[in-house]
Structures are given as structure tokens and as C-alpha cells.
Amino acid sequence: MQDNIKQPLQQFMLQLADNLLVMGHRNSEWTGIGPIIEEDIAFASIAQDQVGQAWNLYQLLESNFGFAHPDQVAFTRNEKEFYSSHLVEQPTGEYDFSLARHYFYDLAQLLRYEMLSHSSYEPLAKLAKKFHGEVKYHVFHAQTWMKQLMDGNEVSKARMQSAVNEVFPFALGAFESVEGEEVLIAEGIFEGESTLKDAWMQQVGAQLLEWGYSLPQLAQPVLGGGKGYHSEFLQPLLDEMGEVFRLDPSAEW
Amino acid sequence: MYGGGYIGGEETLQTNQDDPIALAEFEARIAAGDKIEPKDWMPADYRKQLVRMIEQHAHSEVIGALPEGTWITRAPGFRRKLALMAKVQDEMGHAQLLYSAAETLGKSREAMINDLINGKSKYSNVFNYPAFTWADVAVIGWLVDGAAIVNQVANSKGSYGPYVRALERICYEESFHLKQGHDNVVFLATGTEMQRTMLQEALNRWWQPLMHFFGPSDTMSVHTEKLMRWKVKMASNDDMRQQFISMYVPKIWELGLTLPDNELKRNPLTGKWAFADPDWNLFFEVIKGNGPLNKERLAVRRTAEERGRWVREALLKADMKYTVPFA
């Protein structure tokens, strides 16, 4: 593979994996403290899928791109070398915030994997097909709850609408192109963040209106994560995630 | 997972106010190995004791998710992180199954959870101890789950259909928990000096709570006899403790680890193990709410219930009727 393709491709996959890992980590925080037991279980399932998908991508980076062992890559880097978006690193917050984020994020993932399942980079296309089968259920879960809490009472309606408004700028910022994306587009590897975002906006708009939400105002996307610029929330998360592993990264855990 | 030696209640049983003919038929069915189903006739004491027991079991799953749950975000490496997520998720799934089983006896999940957070219902004492390090998670996963299996396998032979069916599924999943806990312990035991020390210290911390796990020595009271005849209580606390010790102490020693009990010794003639009597005053203090973490555990649960209330309220519809789950 030529360097001008390899560089953006590996950065693209690393960014995807970092997002998945941080999102899965956040979602796992609901295990044991959810609003009803069934939601503890659902968020734990989604989290396992996401962390598992991240693992698969780090494995691909190790085998085909010469990256270090997935545990080293995931558990020892600091925020400057992490490319996850501000959307996923925001604290879990209350259930309304987590749910709105889950809906926006997983719908984007579903569309992303649909695109990537046709990628000219075969190993990625293969993974995307597998992941797509998992994310279908995430989206189904998110949609069910987004709808039923908008159908609930005045409190749940108000809470969900304000959660949507709050999360939206972060969600817009999760479509952050890697440097050299035009090469990925030209090579038929990925159609690009902008195309993906358009498809996502269309679906989000139609679905929110159907369920009785007002569309959030178009806000300035919160960008920067893809370049290693993060909020104050990521480094503490990484410190926690690596706390045991970093006691002795050469040990077998 | 669940601590045996369910707590309290036996002294409050009302003896024999049931219809003697129905009671005789009921006891004959149990003696013949029949399962009792929710709509069947049952003595009031049977119902009361089962609700108490299944409810305590369910609460133990919910509270038991807390000490390990806080380590999901710190588990070292993908394998451990994914395994721990799945394991704690299973525990919440067990709670769901068990609350449903208890609901078939006439108490709603909401009423049970209210009794948990207002301190009226108990949960296994073992979850009132802290998990200081990653090695505590390994010891919990192997030995607390191992002890829970001893108790649950016994109870899965009981007489109440919904509880037995829930337990069969739970035991199946717990056997995987045991494997992940054992795998985790083996990696630490065969790892670096730091890992071994961490593990030994955790084991020292957990030994006494594990000896407390099955509850105090049984006094074969009238009630215990009755509960055993009704197949509500399936094994004595002492027998379960013996079984646990004989299964796990040799495996612990095999790994080159030690236990903080100089009296631990197997009698080669009887096969019985001798061990130092744990401090039962401490056990009763922890039950009374004076353990290291009782207040914190309940506070976390209470906060979770309060934070989630708006979600549950939003799901309620005016025309909804309460239905007892299938179990």
C-alpha cells in the first residue's frame, strides 16, 4: 500500500477505534446504576459491542499496519495521542443525556458501517459488515426509548428535548475528517465525513420530527478531538482506564 | 452471586395456621419431588419465607454489581474489560430474573426495591466489604462466585418452580463467572512479584467474609426442619461451608498462596476440614448495618433509584394494570 493511502487509512481506523473505545467505556458506566435493570443490561450490551469493535480495529492496525499490541495502544496513550470526539468523552451525565448521545452516535455508526461495508479496503469492509449487524440493534434500542420518553409525561418530554439540544453540537462534531480524506474518497475506501453527515442529518431530522421533538438549532460543531484537542474529561477517563494496566504494562494481566 | 445463610425471619414464622388437609397434600407433593407453581395452594409461611429469600437473593445481585462495577472502567486490557462487563451485566440479569420469580408470590419489584433502600430487606453481607485493588476483583470473581454457586446449586433443587428455573439459568452463567475469576487469579498468581503480592493481600482480606458467607452454624430449630422439609432451605450452612472449603482451599494452596487461618486442616479420616471459627460478632455487626460499606452501598442504590425515577414515571400510563411476570 502506498504511503499516501496508508497514512489517512490508518488514521481513519484509529480515530474510529478511539471513538468506539471511549463511547463503550462511558456506556459501561451505567452497569449497576441504571434507571431500570433492563437499561443497565442494554447499556452493558451496547458497551460490550463497542469495546469489542474497537478491539477488532486495533487488532487490524496491529496486523496490517505495524501498530503495537491493542492493549498497549488502548491503555497507555494520553489525550494528545487520542483521536476520539468530544461527543464520546462527555461524562455519562443523566440518563436523558446518555440516551440522546446513544441515539445520535449509533445512528451515525449504522450509516458509517453501511458505507464502509462497500469499502475497497477489504479487511475494513469485512469488519463493517459484522459491526453493522450489531449496531442495528443499538439503533433500534435508542429509537424505542427516544420515542417512548417523548410519549411519556411533561417531565420526560422536557428533559429529552433539552438533552437533544445539549448533545447536538457535540454530535455534529463527531464527523471530523482525517487529513488526506480526499485520497480515501478517491480510492473508494470511504465516502467521507461530509457525505455521511448529510445522510445522518436527513434521518435525524425526519425521525425527531416524527417523534414530536423540535429540531435543535444548527449549532457550531464541537470539533478538535480528531486532532488530539480534548475537553477536560478525556485525560481523567484515560487515567482511570489505564490505572491497573499501567502499574506494569509489561506484565500479563 | 449470592450469599447463603439468608438473614432473619425464621423466628417470625407463624406455625400451623393452615388448613391441615391442604397442608398434608402440599407436603406430600413436595416429598414426591413435585414443583410448586404460583397459583398452587401453599402455606402462608412458605410464601413468606420464599419471598424473603428470593428477594434477598435479587438484592444481592443488584448490590453485588457495585463492588465489581466500579472496576469495569479500570480493568486492565481488552480481555478483562470485556469479561468484567459481561459478568456484571449477568448479575443485573440475575436480579431481573429473581425479582420476576419473587413477584409471582405477590410482591412487586418496586415494593422490593423500596424495602432494599429503606433498609427493611437485607442482601448478602459479603458486598459490604470494599474491593481495594484489581486483585480483589479476581478474588471476588473466583471465590465469592464459587461460594455463591455452592449455595445456588443446592437451592436449585428446591420446591418452588419459578425460583428453581431462575436458579438453573443463573448457575449456568455463574459457572462462567467462576472460570473468568479463576483465570484472573491464575494470571496474578503466576505473574510478577507485584501481582502476587496484590493477590495475596486481597485473599487475606476476603477470607473472613468468605467464612461468614454461608451464615452462622445452624441450630436445628423447628423452623429450619420445616423449611428443609418444604425444600425451601436445601442444605445446612455448615455443610455448605465444608463443601466450599474442601473445593477451594486445595486449589488456593496449589497456586502457592496462603490463607490467614493456621487451623485450616483436613482430617484424612473423616474428610472434614477444621478451621478457626470466624468472628461472628463482626458478622452480626455487619448485618446490623455497621460493616465498612453498608451505608455507601445503600446510598449508591438510593441515588440510582432517585436519578432514574423520572424515567420509570414516564413509562407509566393511566390505563396500565399491574401484571405478574411469567417465571
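Two residues are in contact if their C-beta atoms, placed from the backbone, lie within 7 Å. The model is predicted: local features need pLDDT of at least 70 and side-chain atom pairs count only at pLDDT 80 or more, while totals for chains, interfaces and linings use all residues. Residues are numbered from 1 along each chain as its sequence is written, and chains are lettered from A and ligands numbered from 1 in the order in which they are written.

**Select chain A.** Chain A has 10 helices and zero strands; helices (H or I, at least four residues) and strands (E, at least two) are DSSP runs, numbered from the N terminus. Its C-alpha atoms fill a box of roughly 55 × 45 × 30 Å along the principal axes. The radius of gyration of chain A is 18 Å, which agrees with the value near 18 Å for a compact globule of 253 residues. That radius is taken over C-alpha atoms, and the globule rule is 2.2 Å times the number of residues to the power 0.38. Buried residues make up 50% of the 253 residues in chain A; a residue is buried if 20 or more other C-beta atoms lie within 10 Å of its own, exposed if 12 or fewer, and partly exposed in between, with C-beta atoms placed from the backbone. Of the contacts in chain A between residues at least 6 apart in sequence, 75% join residues at least 24 apart.

**Select the side of chain A that touches chain B.** Here 43 residues of chain A are in contact with 37 residues of chain B. The elements of chain A that give two or more residues to this side are H1 (3–28), H2 (37–65), H3 (70–76), H6 (122–150), H7 (154–172) and H10 (234–242). H2(A) provides the largest share, 11 residues. By class, this side of chain A has 21 nonpolar, 12 polar and 10 charged residues. Ala, Val, Leu, Ile, Met, Phe, Trp, Tyr, Cys and Pro count as nonpolar, Asp, Glu, Lys and Arg as charged, and the others, Gly among them, as polar.

**Select chain B.** Chain B contains 11 helices and two strands, in the order α-α-α-α-α-α-α-α-α-β-β-α-α along the sequence. Its C-alpha trace spans about 65 × 60 × 35 Å along the principal axes. Buried residues account for 45% of its 327 residues.

**Select residues 134–155 and 161–189 of chain B.** These are H5(B) and H6(B), whose axes come within 8 Å and cross at roughly 150°. Axes are lines fitted to C-alpha atoms, for helices over the stretch in contact, and angles run from 0 to 180 degrees between N-to-C directions. H5(B) and H6(B) are therefore roughly antiparallel to each other, a term for angles over 145 degrees. Their contact has 13 nonpolar, 10 polar and two charged residues.

**Finish at Leu257(B).** Which loop holds Leu257(B)? Leu257(B) lies between helix H9 (237–254) and strand E1 (265–266) of chain B. Leu257(B) is partly exposed, because 18 other C-beta atoms lie within 10 Å. Not counting residues up to four places away in sequence, Leu257(B) touches Ala189(B), Leu199(B), Gln200(B), Leu203(B) and Ile252(B).

Key. Angles under 35 degrees count as roughly parallel, over 145 as roughly antiparallel, 65 to 115 as roughly perpendicular and the rest as oblique.
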